[in-house]
Amino acid sequence: MSNIAGNINKLKSQIPASVNLVAVSKTKPVSDIMEAYNAGQRAFGENRVQEMVDKKDELPNDIEWHYIGHLQSKKTKLIIPFVYLIHSVDSFKLLSTINVEALKNSRIVDCLLQIHIAKEETKFGFNREEVIEMIVSEEFSDLKNVRIRGLMGMATFTDDNDLIRNEFRYLFELYKDLKNRYFGDISHFNEISMGMSGDYEIAIKEGSTIVRIGSNIFGER
Ligand SMILES: *Cc1c(COP(=O)(O)O)cnc(C)c1O
């Protein structure tokens, strides 16, 4: 028997009230999402466009859908009508596509910029120089239908807690630096999405405001 509600309640008791919990439901059936929903959970994370669209159609309207996976520009239009927050913006091209689709939907879509902080080459995201180059560009300031809410990062998948801590620390320092230099007067630049099942405790200590947790809630995938 699954204990999704129990897992959520346990996590909520461990996580400070100021940190948002996104329940990562990728690969899990809508019945599992409903169990979490009935336990009061409203924020869910998915990493495949079609899967998120299909689940959204079957589930209550007050769910906040967080897109956390690599997003291809050509599939963006499918999620723009309803997505709550896109955590994984990793190129200007993608951001500009989101902006176009958001305008068509008369929306301003909240986005996080994904920063590559891990040792693994496979993880997507900007590095420090790339993200600054984009932020200072004129094309960036022309995007009126996206709202940059902060940064997202994934640490290296490792047992080395010092390495994980250093990567999260790097992300937090970059966040503070960008906030001071480029978003100072913009109070909505205030989110850092970092921390998963294996490393959320470290992430919270290092300043995370959003944790994305899957297996600790729904079990192994
Ligand atoms: C799958 C996934 C998670 C959740 O991972 P767990 O280890 O199951 O908690 C978080 N963030 C991203 C981007 C993911 O793809």
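This note covers the ligand site and the aromatic pairs of a predicted model.

1. Location of the ligand. Residues around the ligand come from several parts of the numbering: Val 24 and Lys 26, then Ile 68, Met 154, Met 196 and Ser 197, and finally Arg 212, Ile 213, Gly 214, Ser 215 and Arg 221.

2. By residue class, the shell around the ligand holds five nonpolar, three polar and three charged residues. Lys 26, Arg 212 and Arg 221 are among the residues listed around the ligand.

3. For Lys 26, a side-chain N or O atom is 2.7 Å from an oxygen atom of the ligand. With Arg 221, the distance from a ligand oxygen atom to a side-chain N or O atom is 2.8 Å. Gly 214 takes part through its backbone, where a polar atom is 2.8 Å from an oxygen atom of the ligand.

4. On its own the ligand has 390 Å² of accessible area, and the protein covers 90% of that.

5. Aromatic pairs. There are four aromatic pairs in the structure. One of them joins Phe 172 and Tyr 175 in a tilted arrangement, with 6.0 Å between centres and 40° between planes. Both residues belong to helix 7 (residues 161-182); because they are three residues apart there, about one helical turn separates them.

Notes: Residues are numbered from 1 along each chain as its sequence is written. This is a predicted model: local features need pLDDT of at least 70, side-chain atom pairs count only at pLDDT 80 or more; totals for chains, interfaces and linings use all residues. Side-chain values use heavy atoms; hydrogens and water are left out. A residue is near a molecule or strand if one of its heavy atoms lies within 4 Å of it. A polar contact is a pair of N or O atoms within 3.5 Å; within protein, one must be able to donate a hydrogen and the other to accept it, and residues adjacent in sequence count only if both atoms are side-chain atoms. Accessible areas come from the Shrake-Rupley method with a 1.4 Å probe; for residues, only the protein chains shown count as cover. Ala, Val, Leu, Ile, Met, Phe, Trp, Tyr, Cys and Pro count as nonpolar, Asp, Glu, Lys and Arg as charged, and the others, Gly among them, as polar. Rings of Phe, Tyr and Trp (its six-membered ring) pair if their centres lie within 6.5 Å; planes under 30 degrees apart count as stacked, over 60 as edge-to-face and the rest as tilted. Helices (H or I, at least four residues) and strands (E, at least two) are DSSP runs, numbered from the N terminus.
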